[in-house]
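Me: I'd like to learn how to read a protein model. Can we go through a few features together?

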Amino acid sequence: MVFSSLEFIFFFLPAFLLIYFITPWRLRNFVLFIGSMVFYSLGTLDQPEYILLLLLSITVNYSLARAMDGRRRGFRKFLLTIGLIYDFGWLFLFKYADFFLSGVNAVVQAAAPESSGIQPLGLTLPIGISFYTFQIASYLIDVYRGKFPAERNFIDLGAYISMYPQLIAGPIVTYGQVLDKMKKRTVSSRAVVSGLQVFIFGLGLKVLLANRVAGLWTALSTIGYESVSTPLAWLGLLGFTFQIYFDFFGYSLMAIGLGRMLGFQFPMNFRHPYLSLSMTEFWRRWHITLGAWFREYVYIPLGGSRRGTGRTIFNLLMVWLLTGLWHGAHLNFLIWGLIIFVFIAIEKLGLKSSLDRRPALGHIYMIFLIPITWAVFQITDLSQLGLFFSRLFPFLPGETAAVFAGDFSKYLSEYWYLLLACLLFCTRLPYRLFSKGHDSILGTIFLLAVFWGSVYCMYKGLNDPFLYFRF
Amino acid sequence: MNNRRRKRKNRQWLFALLFAVSFFAAMPFVVRALGGQEGAPAVEAAPPSDTQAESPADSAHVESGDDGSASQIADSSDTPGVPEEAPENASDDAGGISDNDMQDQDIPADSAPEQPSYPQGPGSSGNAASDGFTTVEDSYFDDALFIGDSRTVGLSEYGDLQNADFFATTGMSVYNVLTETVSVPSVGKVTLDELLGGMTYGKVYFMLGINELGYDFNSTVEKYGQVVDYIREKQPDAIIYIEANLHVTKSRSDSDKIFNNSNIDRFNSAISSLANGQDIFYIDVNELFDDESGSLDEAYTSDNAHVLGKYYATWCQWLREKAAA
């Protein structure tokens, strides 16, 4: 169940909030834990065992952290190692085993062409495993580091890990960020209303912008890249650039709004990333909680930038290969991570400071670079990726089939107003107006219109990804 | 200062109040929509009724009036008829037939033809049309008109029948084909009536029906027949080609309660009986793109419902070989 669905907004959320608010605050973490389990099981009806996996994960990490209490450093390290192997073992099994096997098979087949190779496992990825694994690992590491004592209350820890507002798509919240609120939090009616307003704003970004502009990229794949003109290839990529941002940002905002309604304060996950002047800056503004996780638990432990330039570059490489893989188990994600690494490394060696001094140049650089990295991100099939690049850059070799000469103007005339709206919401203006005026008459009208528009779209399409898919 | 703060708080309550009102006002629609989602396949079992036939036509009316965003939303509402109808159907279906039973019943081709109320031409049968086709030159299409939905749009954009006219838009259905305005290259923005009134065509190719699958089956078949009659009347000398609707892939078909191949086959089978082997012919492009399971071959598509741009030329070549002798 996603937040941008009628089921969630009209049934799950009101029912949950009702129970949550009539419950005395001592029991609210319990209600949150149970509610999140219900939320998770509704999303994994086909694989009910995945909920056990989540519960087991909480139990194992809870116990390991408790066992660290008052032990010697060596033993704590041993417990930490077991915990991390356990946590990342499941993630590896579900997310990366097949990718790894296909790599092994490729090597084996190169050596012995006759061999049939190992069968892929074909497991379905448990929803949210990439997110909750990162949260639970951060908890265990932080306990090991002595940032806070191990949580004694199983319900509190369970509620933190499984908390449905951020369970399936972040933001990645560390336990230190919510610890105080886990123990005691008050929710004013004001916070509930303002949380709702943030939720509606995020819902609008997801349903009214992302879902609708998504039709542009879908059209490109329907046509087939070999039949797409160069201008349309760029237009479609621009559409996808907006789609992925408002999809993810909208979802994060909804999570933040829901968190606020429950009395939490989740960290901001996006800060106008498309206004960045460099790749380095972009990744400080895009999916901030993921970047912070890699910084805290990979980059800094490796030595960060304090061990000389060579080591810094190596550390960056590790972070970006892992970041690439975190996004998906395909070769293209590794390439994507490598591309970002290369640019960040070049910027670190001096490009960034000159870009920062010349904002116009920085914007132009990012306007080209961001969409190109998204193309590598989005097209998992490498031959298709090559084909798409031959459309973006027609001097590159690639198959060309029948191209409809009017394709660019056709799609521009269909999508120009959405693209303009997306562009507007990439700037700071709408968010400034929102934070100033969300309680004003105009703000109220705006938010209600967004809510109505979103509900209308969800109702018409029943939140079907094929909403804008007509024959 | 105090005053200002209180004012702001009051406004927040205004939002909360209006939101609550909106929320509860929307609730009945949501309940209906979500209830309908589960009962959706039962739509086909519904007896034909005037109200059902009217609802799509109404939405067609709305669509033709707007452009821009509103029409995009309105156009995409080809399915909404479904959820609205479904709850009553669900109760009709008192025998407790499960979705699966319904699907299974549809699969054998001979259980499908519920005869349309449209009066049939002489000697109509699916087979009659498959005989006696010949191969023609491109000039054959000089006086050809293609009417259809997005599949025909693809044919016009990525196919290589340069001389033909195309009256096609995405989302076109038998319910809106008579009200929709379409920009026809070299003619301009016209309704079908204006186009057929101003031009004389020797051949009219007609492919509609997939957008209508969510609506009542008998009403759609009847409406389809009326549109074919109308074309016959406006272009008395033209050969009419009734084109079978293109299948979707097996994966789409297996996961979609409405846009699946058993529904497409059932509809195709019904419209094939409109062919008379004299001036109305039935041609089925699925023979070109089907895999062995009788579904659109995954190799030809990326969205499970349309062939990739480069295959429209193959389709055009097939059309050249499918001319009525």
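Me: Is A:Ser41 buried, partly exposed or exposed, and why?
Reply: Keep in mind that this is a predicted model. The general idea is to count neighbours: a residue is buried if 20 or more other C-beta atoms lie within 10 Å of its own, and exposed if 12 or fewer. A:Ser41 has 15 other C-beta atoms within 10 Å, so it's partly exposed.

Me: Where does A:Ser41 sit, and which residues does it touch?
Reply: Look for A:Ser41 in helix H2 of chain A, residues 28-43. Leaving out residues up to four places away in sequence, A:Ser41 touches A:Pro48 and A:Ile51. As for A:Ser188, 147 residues apart from A:Ser41 along the chain, the two C-alpha atoms are separated by 30 Å.

Me: How do H12(A) and H13(A) cross?
Reply: For a pair of helices, check the angle between their axes. Here H12 (residues 288-299) and H13 (residues 308-327) of chain A have axes that come within 11 Å and cross at roughly 130°. That angle makes H12(A) oblique to H13(A), and the crossing is right-handed.

Me: Which residues make that contact?
Reply: H12(A) brings A:Phe294, A:Val298 and A:Tyr299, while H13(A) brings A:Asn315, A:Met318, A:Val319, A:Leu322 and A:Thr323. Sorted by class, the contact has six nonpolar residues, two polar ones and no charged ones.

Me: What span does H8 of chain B have?
Reply: Compare the end-to-end reach with the expected one. H8(B), residues 217-234, has 18 residues and reaches 26 Å from its first C-alpha to its last, close to the 26 Å expected. Its buried residues include B:Phe217, B:Tyr224 and B:Ile231.

Definitions and conventions: Residues are numbered from 1 along each chain as its sequence is written. Chains are lettered from A and ligands numbered from 1 in the order in which they are written. This is a predicted model: local features need pLDDT of at least 70, side-chain atom pairs count only at pLDDT 80 or more; totals for chains, interfaces and linings use all residues. Helices (H or I, at least four residues) and strands (E, at least two) are DSSP runs, numbered from the N terminus. The expected span of a helix is 1.5 Å times one less than its number of residues. Two residues are in contact if their C-beta atoms, placed from the backbone, lie within 7 Å. Axes are lines fitted to C-alpha atoms, for helices over the stretch in contact, and angles run from 0 to 180 degrees between N-to-C directions. Angles under 35 degrees count as roughly parallel, over 145 as roughly antiparallel, 65 to 115 as roughly perpendicular and the rest as oblique. A crossing is left-handed if the near helix is turned anticlockwise from the far one by less than a right angle, and right-handed if clockwise. Ala, Val, Leu, Ile, Met, Phe, Trp, Tyr, Cys and Pro count as nonpolar, Asp, Glu, Lys and Arg as charged, and the others, Gly among them, as polar.
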